[in-house]
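Visitor: I am new to protein models. Could you walk me through this one?

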Amino acid sequence: VHMANHGTATDIAPDNSETGNLLYDLVDTFDIDPHIIALMFNEPFYAGVLRGITKTCTKEIPTAGVLCKDGDLKMWYNPGFLASLTDLQVRGLLKHEAMHLALMHTTTRRLEPHNVHNWAADLAINSNIPEAELPEGGLIPGKAFTPLTEEQQEKMKPDAIERYNRMSQFIEDLPKGLSTEEYFARIMQNEQMKEDMEQQEAAGS
(Lines give C-alpha, C1' and ligand atoms only; values in the text may rest on other atoms or scores of the structure.)
Protein backbone atom coordinates (compact mmCIF):
# COMPACT_ATOMS: atom_id res chain seq x y z
CA VAL A 1 0.00 0.00 0.00
CA HIS A 2 1.33 3.41 -0.91
CA MET A 3 0.60 6.33 1.37
CA ALA A 4 1.58 9.80 0.22
CA ASN A 5 4.75 11.17 1.78
CA HIS A 6 5.57 7.72 3.16
CA GLY A 7 3.09 6.97 5.87
CA THR A 8 3.42 4.30 8.55
CA ALA A 9 1.22 1.51 7.19
CA THR A 10 3.12 -1.78 6.96
CA ASP A 11 0.07 -3.94 6.27
CA ILE A 12 1.56 -6.92 8.06
CA ALA A 13 -1.83 -7.47 9.67
CA PRO A 14 -3.77 -9.69 7.30
CA ASP A 15 -5.42 -7.97 4.36
CA ASN A 16 -8.79 -9.68 4.65
CA SER A 17 -10.22 -7.79 1.70
CA GLU A 18 -9.25 -10.69 -0.55
CA THR A 19 -9.64 -13.56 1.91
CA GLY A 20 -13.36 -13.71 2.41
CA ASN A 21 -13.93 -11.12 5.09
CA LEU A 22 -17.33 -9.76 4.06
CA LEU A 23 -16.92 -6.76 6.34
CA TYR A 24 -14.61 -5.21 3.78
CA ASP A 25 -17.45 -5.17 1.28
CA LEU A 26 -20.35 -4.48 3.63
CA VAL A 27 -18.88 -1.80 5.91
CA ASP A 28 -18.48 1.66 4.40
CA THR A 29 -17.96 3.65 7.57
CA PHE A 30 -16.66 3.21 11.10
CA ASP A 31 -17.19 5.66 13.97
CA ILE A 32 -13.81 5.97 15.61
CA ASP A 33 -14.80 8.75 18.03
CA PRO A 34 -16.24 6.54 20.81
CA HIS A 35 -12.98 4.63 20.91
CA ILE A 36 -10.94 7.82 21.22
CA ILE A 37 -13.28 9.05 23.96
CA ALA A 38 -12.74 5.76 25.82
CA LEU A 39 -8.98 6.32 25.50
CA MET A 40 -9.45 9.81 26.92
CA PHE A 41 -10.83 8.32 30.13
CA ASN A 42 -8.52 5.32 30.37
CA GLU A 43 -5.25 6.36 28.73
CA PRO A 44 -5.49 10.10 28.06
CA PHE A 45 -1.98 10.50 26.65
CA TYR A 46 -2.90 8.63 23.46
CA ALA A 47 -6.23 10.44 23.09
CA GLY A 48 -4.41 13.76 23.40
CA VAL A 49 -2.06 12.83 20.56
CA LEU A 50 -4.90 11.74 18.27
CA ARG A 51 -7.42 14.46 19.13
CA GLY A 52 -6.11 17.14 16.77
CA ILE A 53 -5.24 15.09 13.69
CA THR A 54 -7.30 14.68 10.52
CA LYS A 55 -8.93 11.25 10.44
CA THR A 56 -10.06 9.73 7.15
CA CYS A 57 -12.15 6.59 6.81
CA THR A 58 -11.21 5.09 3.45
CA LYS A 59 -11.01 1.84 1.54
CA GLU A 60 -7.86 3.02 -0.23
CA ILE A 61 -5.74 1.19 2.33
CA PRO A 62 -6.44 -2.28 3.78
CA THR A 63 -5.56 -1.50 7.41
CA ALA A 64 -4.53 1.86 8.96
CA GLY A 65 -1.66 4.31 9.05
CA VAL A 66 -0.60 7.86 9.84
CA LEU A 67 1.36 10.37 7.80
CA CYS A 68 2.35 14.01 7.61
CA LYS A 69 1.33 15.71 4.37
CA ASP A 70 1.44 19.42 3.58
CA GLY A 71 2.03 20.17 7.25
CA ASP A 72 -1.09 18.28 8.32
CA LEU A 73 -1.02 15.12 10.42
CA LYS A 74 -3.42 12.53 9.08
CA MET A 75 -4.70 9.10 10.06
CA TRP A 76 -6.27 6.85 7.45
CA TYR A 77 -8.18 3.73 8.39
CA ASN A 78 -10.17 1.08 6.55
CA PRO A 79 -13.71 0.77 7.99
CA GLY A 80 -13.95 -2.95 7.30
CA PHE A 81 -10.63 -3.61 8.97
CA LEU A 82 -11.54 -1.72 12.13
CA ALA A 83 -15.00 -3.34 12.19
CA SER A 84 -13.28 -6.74 12.19
CA LEU A 85 -11.39 -5.92 15.41
CA THR A 86 -12.46 -6.21 19.01
CA ASP A 87 -12.80 -3.01 21.05
CA LEU A 88 -9.54 -3.93 22.79
CA GLN A 89 -7.76 -4.30 19.46
CA VAL A 90 -9.12 -0.97 18.22
CA ARG A 91 -7.68 0.58 21.39
CA GLY A 92 -4.32 -1.03 20.67
CA LEU A 93 -4.40 0.14 17.07
CA LEU A 94 -5.11 3.72 18.16
CA LYS A 95 -2.29 3.57 20.69
CA HIS A 96 0.02 2.21 18.00
CA GLU A 97 -0.78 5.03 15.56
CA ALA A 98 -0.53 7.64 18.32
CA MET A 99 2.96 6.44 19.16
CA HIS A 100 4.07 6.82 15.54
CA LEU A 101 3.13 10.48 15.87
CA ALA A 102 4.50 10.99 19.38
CA LEU A 103 7.84 9.43 18.39
CA MET A 104 7.97 11.58 15.23
CA HIS A 105 8.17 8.58 12.91
CA THR A 106 6.41 10.52 10.16
CA THR A 107 8.59 13.62 10.46
CA THR A 108 12.04 14.23 11.96
CA ARG A 109 12.86 10.61 12.86
CA ARG A 110 11.85 9.14 9.52
CA LEU A 111 14.53 6.91 8.03
CA GLU A 112 15.14 5.58 4.52
CA PRO A 113 14.31 3.19 3.00
CA HIS A 114 10.84 3.87 4.29
CA ASN A 115 9.66 0.24 4.21
CA VAL A 116 12.49 -0.78 6.56
CA HIS A 117 11.74 2.23 8.74
CA ASN A 118 8.06 1.25 8.98
CA TRP A 119 8.94 -2.26 10.12
CA ALA A 120 11.48 -0.98 12.63
CA ALA A 121 9.04 1.58 14.01
CA ASP A 122 6.29 -1.05 14.36
CA LEU A 123 8.66 -3.38 16.19
CA ALA A 124 9.67 -0.66 18.64
CA ILE A 125 6.09 0.44 19.32
CA ASN A 126 4.63 -3.05 19.61
CA SER A 127 7.26 -3.95 22.18
CA ASN A 128 5.34 -1.71 24.56
CA ILE A 129 1.71 -2.52 23.76
CA PRO A 130 0.08 -5.59 25.36
CA GLU A 131 -0.18 -8.33 22.75
CA ALA A 132 -3.89 -8.80 23.49
CA GLU A 133 -4.48 -5.26 22.21
CA LEU A 134 -2.73 -5.77 18.88
CA PRO A 135 -4.56 -6.85 15.72
CA GLU A 136 -3.66 -10.29 14.45
CA GLY A 137 -0.61 -10.20 12.21
CA GLY A 138 1.11 -7.20 13.81
CA LEU A 139 4.91 -7.17 14.02
CA ILE A 140 5.98 -8.21 17.52
CA PRO A 141 9.65 -8.79 18.39
CA GLY A 142 10.19 -12.36 19.54
CA LYS A 143 7.00 -13.66 17.95
CA ALA A 144 6.85 -15.57 14.66
CA PHE A 145 4.29 -14.68 12.03
CA THR A 146 0.98 -16.54 12.00
CA PRO A 147 1.60 -19.85 10.18
CA LEU A 148 0.30 -19.92 6.63
CA THR A 149 -2.82 -21.95 6.06
CA GLU A 150 -2.97 -24.57 3.32
CA GLU A 151 -5.27 -22.27 1.36
CA GLN A 152 -2.81 -19.39 1.62
CA GLN A 153 0.10 -21.58 0.56
CA GLU A 154 -1.84 -22.81 -2.47
CA LYS A 155 -2.09 -19.21 -3.66
CA MET A 156 1.62 -18.49 -3.14
CA LYS A 157 4.68 -19.44 -5.14
CA PRO A 158 7.30 -21.60 -3.36
CA ASP A 159 9.79 -18.73 -3.17
CA ALA A 160 7.15 -16.50 -1.55
CA ILE A 161 6.48 -19.14 1.10
CA GLU A 162 10.19 -19.47 1.79
CA ARG A 163 10.52 -15.69 2.03
CA TYR A 164 7.60 -15.49 4.49
CA ASN A 165 9.16 -18.15 6.69
CA ARG A 166 12.61 -16.51 6.64
CA MET A 167 11.15 -13.14 7.60
CA SER A 168 9.10 -14.79 10.33
CA GLN A 169 12.21 -16.39 11.81
CA PHE A 170 14.09 -13.08 11.71
CA ILE A 171 11.34 -11.32 13.67
CA GLU A 172 11.08 -14.22 16.13
CA ASP A 173 14.80 -13.92 16.89
CA LEU A 174 14.60 -10.21 17.76
CA PRO A 175 14.54 -9.06 21.38
CA LYS A 176 11.86 -6.72 22.69
CA GLY A 177 12.55 -3.23 23.94
CA LEU A 178 14.87 -1.80 21.29
CA SER A 179 14.47 1.61 19.68
CA THR A 180 13.32 2.20 16.12
CA GLU A 181 16.90 3.02 15.15
CA GLU A 182 18.20 -0.22 16.68
CA TYR A 183 15.65 -2.39 14.88
CA PHE A 184 16.36 -0.45 11.68
CA ALA A 185 20.08 -1.17 12.00
CA ARG A 186 19.50 -4.89 12.58
CA ILE A 187 17.39 -5.16 9.45
CA MET A 188 19.83 -3.15 7.36
CA GLN A 189 22.73 -5.32 8.53
CA ASN A 190 20.97 -8.49 7.36
CA GLU A 191 21.30 -8.71 3.59
CA GLN A 192 18.82 -11.58 3.28
CA MET A 193 16.17 -9.72 5.25
CA LYS A 194 16.66 -6.57 3.19
CA GLU A 195 16.31 -8.56 -0.03
CA ASP A 196 13.22 -10.36 1.26
CA MET A 197 11.58 -7.07 2.23
CA GLU A 198 12.35 -5.54 -1.16
CA GLN A 199 10.82 -8.54 -2.92
CA GLN A 200 7.76 -8.47 -0.67
CA GLU A 201 7.20 -4.79 -1.35
CA ALA A 202 7.60 -5.33 -5.10
CA ALA A 203 5.13 -8.23 -4.99
CA GLY A 204 2.58 -6.12 -3.14
CA SER A 205 2.86 -3.02 -5.31
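**A short tour**

Guide: Glu182 is found in helix H9. Helices (H or I, at least four residues) and strands (E, at least two) are DSSP runs, numbered from the N terminus. This is a predicted model, where local features need pLDDT of at least 70, side-chain atom pairs count only at pLDDT 80 or more, and totals for chains, interfaces and linings use all residues. Residues are numbered from 1 along each chain as its sequence is written, and side-chain values use heavy atoms, with hydrogens and water left out.

Visitor: Is Glu182 buried, partly exposed or exposed?

Guide: Buried means under 20% relative accessible area, exposed over 50%, and partly exposed in between (1.4 Å probe, protein chains only). Glu182 has 41% relative accessibility, so the residue counts as partly exposed.

Visitor: Which residues of helix H9 are buried, and why do they line one face?

Guide: Residues three or four places apart in an α-helix point the same way, because there are 3.6 residues a turn. Seen down the axis of H9, the buried residues fall within an arc of 105 degrees, so they line one face of the helix. The arc is that of the directions from the helix axis to the C-beta atoms. The buried residues of H9 (180-188) are Thr180, Tyr183, Phe184 and Ile187.

Visitor: At what angle do H2 and H3 pack?

Guide: Ile36, Leu39, Met40 and Asn42 in H2 meet Pro44, Tyr46, Ala47 and Leu50 in H3; contact means heavy atoms within 4.5 Å. The axes are 6 Å apart, and the angle is about 135 degrees.

Visitor: How many disulfides are there?

Guide: A disulfide is a covalent bond between the sulfur atoms of two cysteines. Here the rule asks for a pair of cysteine sulfur atoms within 2.5 Å. Cys68 is buried at 18%, and Cys57 is partly exposed at 27%. The count of disulfides is 0.

Note on methods. Axes are lines fitted to C-alpha atoms, for helices over the stretch in contact, and angles run from 0 to 180 degrees between N-to-C directions.
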